[in-house]
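Let's take a friendly walk through a protein structure together. Have a look at the sequence and the model, and then read on.

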Amino acid sequence: MLAGHNATRAAAQPTPSPALDPLTWDTAAENVAKAYAAKCKFEHNPDRGSYGENLTAATPNSMSTRNVVEGWSSEVKDYNYANNTCTSGKMCGHYTQVVWRNTKRVGCATQVCTTNSPWGSQFPTWQLWVCNYAPPGNYSGQRPY
């Protein structure tokens, strides 16, 4: 998970100057992510405190930790750095959180769930991925770097 985040930060476009620092693992953020993932809710944690947060839902064991980060990072194609905007109807906030310059640490967790499936009864078992970031990013009107 950490390697995936740092690969995205190293490859950010346009190239940040100075380069983005690699993230380090934060066990406190991991603990918040673990506790929240255990609740099996595919919505942002309203009690995450001063952490930023990325979420992903998937069928169990269909994604590796690297796949999860690659999914968030793929949003770069819809992000316009010059205008600091996202293509209409698309999401970019997962990507911008990953490459947010002032974010220094990340902690993540995953949970296989049998309740609250975002796909309903058709797929009752699902996997929730949660990453928490410190300090958080995605401040309105600010570029990630």
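## What counts as a disulfide

A disulfide here is a pair of cysteine sulfur atoms within 2.5 Å. Keep in mind that the model you are looking at is predicted. How many disulfides does this rule give? The count comes to three. If you number the bonded cysteines along the chain, the pairing pattern reads 1-5, 2-3, 4-6.

## Cysteine 40 and cysteine 113

Let's begin with cysteine 40, which is joined to cysteine 113 by a disulfide with an S to S distance of 2.2 Å. This pair links distant parts of the chain, 73 residues apart. Cysteine 40 sits in the loop between helix 2 (27-37) and strand 2, while cysteine 113 belongs to strand 5 (residues 105-113).

Is this disulfide left-handed or right-handed? The torsion about its S-S bond is about -85°, so the disulfide is left-handed. To judge burial, you need one cut-off: buried means under 20% relative accessible area. Cysteine 40 has a relative accessible area of 6%, so it is buried. Cysteine 113, at 0% relative accessibility, counts as buried too.

## Cysteine 86 and cysteine 92

Another disulfide joins cysteine 86 to cysteine 92, with an S to S distance of 2.1 Å. The torsion about this S-S bond is about 80°, so the disulfide is right-handed.

Now compare the two ends of the bond. Cysteine 86 counts as partly exposed, at 28% relative accessibility, whereas cysteine 92 is buried, with a relative accessible area of 7%.

## Cysteine 108 and cysteine 131

In the disulfide formed by cysteine 108 and cysteine 131, the sulfur atoms are 2.0 Å apart. Here, too, distant parts of the chain are linked: cysteine 108 lies in strand 5 and cysteine 131 in strand 6, 23 residues apart. Both cysteines are buried. The torsion about their S-S bond is about 110°, so this disulfide is right-handed.

One of the details to find in the model is leucine 55, whose bridge partner in strand 6 is valine 130.

Which way do the residues of strand 2 point? In a regular strand the side chains alternate between the two faces of the sheet. Gly52, Asn54, Thr56 and Ala58 point one way, and Glu53, Leu55 and Ala57 point the other way. Strand 2 (residues 52-58) is mostly covered, with seven of its seven residues buried.

Terms used: Residues numbered from 1 in each chain as written. Predicted model: local features only at pLDDT ≥ 70, side-chain atom pairs only at ≥ 80, totals over all residues. Heavy atoms only, no water. Buried < 20%, exposed > 50% of the residue type's maximum accessible area, 1.4 Å probe, protein only. Helix = DSSP H or I, 4+ residues; strand = E, 2+ residues; numbered from the N terminus. Pairing = 2+ DSSP bridges.
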